[in-house]
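I am opening a notebook on this structure. I will write down what I looked up, one topic at a time.

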Amino acid sequence: MEPDAQLVQLCVRGDGPAWEKLVRRHARRVFSLCYRFTSNRAEAEDLSQEVFLRIYRTLSSYRPADGAFPTWLASVTRNLLVDHYRRTRRDRLTDSIDDDVAKLERMRSPERAPDRLAEAAELSVQLQHGLARLSPELREAVILRDLAGLDYAEIRLILQVAEGTVKSRINRGRIELARVLGEMGLRRP
Amino acid sequence: MDWNCLLTEDRLSDFLDGVLSTEEARAFSAHCSGCARCGPLVAQIGGLVKEMQSLGPVEEPPQLVARILHLTLGPRASRQGLRRRLAWVPRIWEPQFAMGVVTVAASFFMVFHSVGGGTNHLRRTNLNPVNMIRAIDRQAHLSYARAAKFVNDLRVVYEIESRLQPQPERPSEPSPRPEPPPEEKLLPPSPDPEQESRNPRPVGDSLPRNLLAALLERTSPGTGSVRATWSSR
């Protein structure tokens, strides 16, 4: 499997198949970040397209020395998420995860055998409810650390803040998330 | 080391990440084991973090990659486009296609042959549109003349045949006519043979008139009904 940096170089030279490989490799990561942040699949899909469109236009500005390609990708995604958050702050409420509540109800129905997949899906939906209640700063920190699996240095690069701030936000985000889930009755404190 | 609830909350993630010093970690654990608030809190957050880290990424919609590629690379005219353009190639071997090709070829051959351009003496002048139209015109007239000649020949034969047939003699006394067979019923009584011989009609004249009369008799009581149907249309 070609490294990302090599694919990026090919893409800059106009290699279509290399771009396709890059998109296929990272589409899930980008979509997942967008969905975890927005709690809405349609919005996440639109934002993912926007992310890749921006990446495609600015690919020549990527320097491997500045960090790994996934970190750069996450940084671009995060910036777009912030823009999107600011744009839609007024008309956003927590109603966007209603479809997930319906899914959750279906999962809890007695005819469905409780298996690991269903448990994971249920946990995922519960988390989504909790994340939607966090402030955007805490939410993004928790998502990048615990759901995207990035380390502190990478998160510091993405958020452009001091590492101490990153740690503090992650810590506060986790505690807040546990509290919110407990309040919602989804998880016992 | 002196430890309290505030410190536990502040350093909770460091503890979970395992970056506390040995002394700090010992003090942290000692406080949590004795504190009714911090013990459950640490256990809960630890469980939550583990669960979150065990979750995989959310699966993207199936059409997402295609849309991104469409947005960035445009309509994909590369391999798929070529494949679509050559999709008809395997269909050559399908029976319907082969039958169609054979039928079209046979039609062309027949038309070409009837025009007079046999494959034996095919020249460039045969393919000139003017010559082709002239040849088709000539062939059409010839065919019409042949058909007309054939019909006339048939008429002559029928006429001779009908004259050679002996006419049934008319009985002297009026007697009940024998019931004619059903097909004869349709025909009107034949004209007098003597008058016929004295004043012969042109060949073929009698047959169509008789036929028309028979047809009218069969379809009527009156042609009005036919006309009404037409007018009602």
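**Entry 1: a helix pair across the two chains.** I started with α9(A) and helix α4 of chain B, residues 38–54, whose axes come within 10 Å and cross at roughly 100 degrees. Angles of 65 to 115 degrees count as roughly perpendicular, and α9(A) and α4(B) are therefore roughly perpendicular to each other. I noted that the model is a predicted one.

I then asked which residues of α9(A) and α4(B) meet. From α9(A) I listed R174(A), I175(A), L177(A) and A178(A). On the α4(B) side I found Q44(B), I45(B), L48(B) and V49(B). Sorted by class, this contact has six nonpolar residues, one polar and one charged.

**Entry 2: the whole contact between the chains.** I looked up how many residues take part, and found 34 residues of chain A in contact with 25 residues of chain B. On the side of chain A that touches chain B, at least two residues each come from α2 (16–38), α3 (41–58), α6 (116–132), α7 (136–147) and α9 (163–183). I recorded α2(A) as the helix that gives the most to this side, with twelve residues. The class count for the side of chain A that touches chain B is 17 nonpolar, seven polar and ten charged residues.

**Entry 3: a helix of chain B.** Next I took helix α5 of chain B, residues 64–73, where L64(B), I68(B) and L69(B) are buried. Where do they sit around the axis of α5(B)? They cover an arc of only 130 degrees, which puts them on the same side of α5(B). I reminded myself that an α-helix has 3.6 residues a turn, so residues three or four places apart point the same way. I also checked what covers the buried residues of α5(B), and the cover includes α2 and α3 of chain A. After α5(B) comes G74(B), and I noted its positive phi, near 85 degrees.

**Entry 4: the make-up of chain A.** I counted nine helices and zero strands in chain A. Of its 189 residues, 37% are buried. I looked at contacts in chain A with a separation of 6 or more, and 64% of these are between residues 24 or more positions apart.

**Entry 5: the core.** The largest nonpolar core has 54 residues, and C34(A), I143(A) and L144(A) touch the most other members. I found that α2(A) gives the most to this core, with ten residues.

Entry 6: I placed M1(A) in the segment before α1 (4–12) of chain A. Is M1(A) buried or exposed? A residue counts as exposed if 12 or fewer other C-beta atoms lie within 10 Å of its own; M1(A) has 7 and is exposed. M1(A) and K21(A) are 20 residues apart in sequence, and their C-alpha atoms are 9.9 Å apart in space.

I found S61(A) in the loop between α3 and α4 (69–87) of chain A. S61(A) has 9 C-beta neighbours inside 10 Å, so S61(A) also counts as exposed. From S61(A) to V12(A) I noted 49 residues in sequence and 9.6 Å in space, C-alpha to C-alpha.

Conventions: Residues are numbered from 1 along each chain as its sequence is written. Chains are lettered from A and ligands numbered from 1 in the order in which they are written. This is a predicted model: local features need pLDDT of at least 70, side-chain atom pairs count only at pLDDT 80 or more; totals for chains, interfaces and linings use all residues. Two residues are in contact if their C-beta atoms, placed from the backbone, lie within 7 Å. Helices (H or I, at least four residues) and strands (E, at least two) are DSSP runs, numbered from the N terminus. Ala, Val, Leu, Ile, Met, Phe, Trp, Tyr, Cys and Pro count as nonpolar, Asp, Glu, Lys and Arg as charged, and the others, Gly among them, as polar. Axes are lines fitted to C-alpha atoms, for helices over the stretch in contact, and angles run from 0 to 180 degrees between N-to-C directions. Angles under 35 degrees count as roughly parallel, over 145 as roughly antiparallel, 65 to 115 as roughly perpendicular and the rest as oblique. A residue is buried if 20 or more other C-beta atoms lie within 10 Å of its own, exposed if 12 or fewer, and partly exposed in between; C-beta atoms are placed from the backbone. The arc is that of the directions from the helix axis to the C-beta atoms. A nonpolar core is a set of buried Ala, Val, Leu, Ile, Met, Phe, Trp, Tyr and Cys residues joined through C-beta atoms within 7 Å.
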